[in-house]
Amino acid sequence: MKFADFMCEKAIRVELQATDKPSVIQELVVALVDSGQVKEDDQAGIIEAIMKREELGSTGIGRGVAVPHTKHPSVDNLIGTVGVSAEGVEFESLDGESVQLFFLLISPPDRPGDHLRALENISRQLRDDTFCRFLKQSKTATDITQLLEEADNNQFAS
Amino acid sequence: MSRQPVGQPDSETNALSANQRIEQMPTTDREKSVTVKNTEGLHARPADQFVRLAMQFDSEITVCKHGVDAVDGKSILSILTLCATRGTELVIRAQGDDAEDAVCQLGKLVELGFDE
């Protein structure tokens with residue numbers, strides 16, 4: 001699975017205002033609503049579901065990256081967006097570091113394989129330090145989209 | 001049966017004791033094949049559980065999906081790259097003093113479906 005298959009460019013946020021976990025999740029879900037990927041009526045339910053998932057264990061997987069996610073019946077396909085926080089947000093990550101880079105994912109309940117393939121793609125690409133660093137330094141949504149495209153074309157991780 | 005002449009080195013005996021020394025080295029190498037049982041597969045939370053358990057062992061731990069190179073069993077990013085859906089067969093390998101215990105406990109975690 002490639003980034004282009006699930007990433008919504010219009011919902012990418014490079015200068016996150018949020019400074020804590022709930023507000024980061026809120027900001028990114030609102031971005032998906034604003035870009036037309038998610039209905040406004042589902043916003044609260046999705047945020048709640050993502051927070052519930054975080055209670056089971058942080059999705060901060062280390063290296064300043066988190067992948068907050070949930071399954072939700074309101075989506076027919078896996079959708080996702082990227083958020084960047086220059087300051088970093090405390091996210092109770094596995095390695096204790098604050099998080100600058102967020103990949104938020106919402107997947108249909110009946111497609112666990114797609115969710116795994118998206119996680120596989122994200123984690124494989126993030127093993128490349130350059131890709132990870134460039135994403136965190138991105139100043140515009142276009143920068144992010146370009147980096148994701150380059151990653152899709154195998155210009156980073158093997 | 002010939003006796004070894006006094007004063008001549010017995011090369012065969014020396015070679016044997018060298019082998020014995022190798023066998024006595026503490027490093028053990030264990031492998032266990034397991035099948036992913038839980039519906040959701042090895043997603044973020046099970047991967048986290050696996051890595052946390054793996055870190056409790058001194059042994060080097062790798063996980064291999066058929067046809068794919070073995071990945072570091074103590075790195076969540078690496079485990080997630082396995083994309084191990086339900087039914088995937090994984091080979092857990094440990095090398096070190098606590099290898100036996102490591103493959104046994106990690107294997108059990110996967111086989112029991114991560115309590116999902």
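Let's start with helix α4 (residues 99-111) of chain B, which lies across β1, β2 (60-65) and β4 of chain B and runs at about 10 degrees to β1(B). Axes here are lines fitted to C-alpha atoms, for helices over the stretch in contact, and angles run from 0 to 180 degrees between N-to-C directions. Helices (H or I, at least four residues) and strands (E, at least two) are DSSP runs, numbered from the N terminus.

This is a predicted model, where local features need pLDDT of at least 70, side-chain atom pairs count only at pLDDT 80 or more, and totals for chains, interfaces and linings use all residues. Residues are numbered from 1 along each chain as its sequence is written, while chains are lettered from A and ligands numbered from 1 in the order in which they are written.

**The sheet in chain B**

Chain B has 4 helices and 4 strands, and along the sequence they follow the pattern α-β-α-β-β-α-β-α. The 4 strands make an open, antiparallel sheet in the order β1-β4-β2-β3. β1 (28-35) and β3 (71-72) of chain B each have a single partner strand, so these two stand at the edges with one side left without a neighbour in the sheet. Strands count as paired if DSSP finds at least two bridges between them. Here are the pairs:

| Strand pair | Sense | Bridges |
|---|---|---|
| β1(B) and β4(B) | antiparallel | 8 bridges |
| β2(B) and β4(B) | antiparallel | 6 bridges |
| β2(B) and β3(B) | antiparallel | 2 bridges |

R30(B) sits opposite A94(B) in β4(B), and K65(B) faces L90(B) in β4(B). T62(B) has D72(B) in β3(B) as its bridge partner.

Is T27(B) buried or exposed? T27(B) is exposed, with 10 other C-beta atoms within 10 Å. The cut-offs: buried takes 20 or more other C-beta atoms within 10 Å of a residue's own, exposed takes 12 or fewer, and partly exposed is in between, with C-beta atoms placed from the backbone. Leaving aside neighbours within four places in sequence, T27(B) is in contact (C-beta atoms, placed from the backbone, within 7 Å) with Q95(B) and G96(B).

**Where the chains meet**

Across the two chains, 13 residues of chain B are in contact with 18 residues of chain A. On the chain B side, α2 (44-54) and α3 (76-80) each supply at least two residues.

Nonpolar side chains tend to be buried together in soluble globular proteins. A nonpolar core is a set of buried Ala, Val, Leu, Ile, Met, Phe, Trp, Tyr and Cys residues joined through C-beta atoms within 7 Å. The largest one has 68 residues, and those touching the most other members are L28(A), V67(A), F102(A), A47(B), I79(B) and I92(B). Strand β5 (residues 99-107) of chain A gives this core the most, with 7 residues. Setting aside neighbours within four places in sequence, the contacts of V67(A) include F103(A), L105(A) and A44(B).

**Two positive phi angles**

R63(A) is not a glycine, yet its phi is positive, near 60 degrees. R63(A) is in the loop between β1 (60-62) and β2 (65-66) of chain A, and R63(A) is buried, with 22 other C-beta atoms within 10 Å. F114(B), also not a glycine, has a positive phi of about 55 degrees. F114(B) is in the segment after α4 of chain B.
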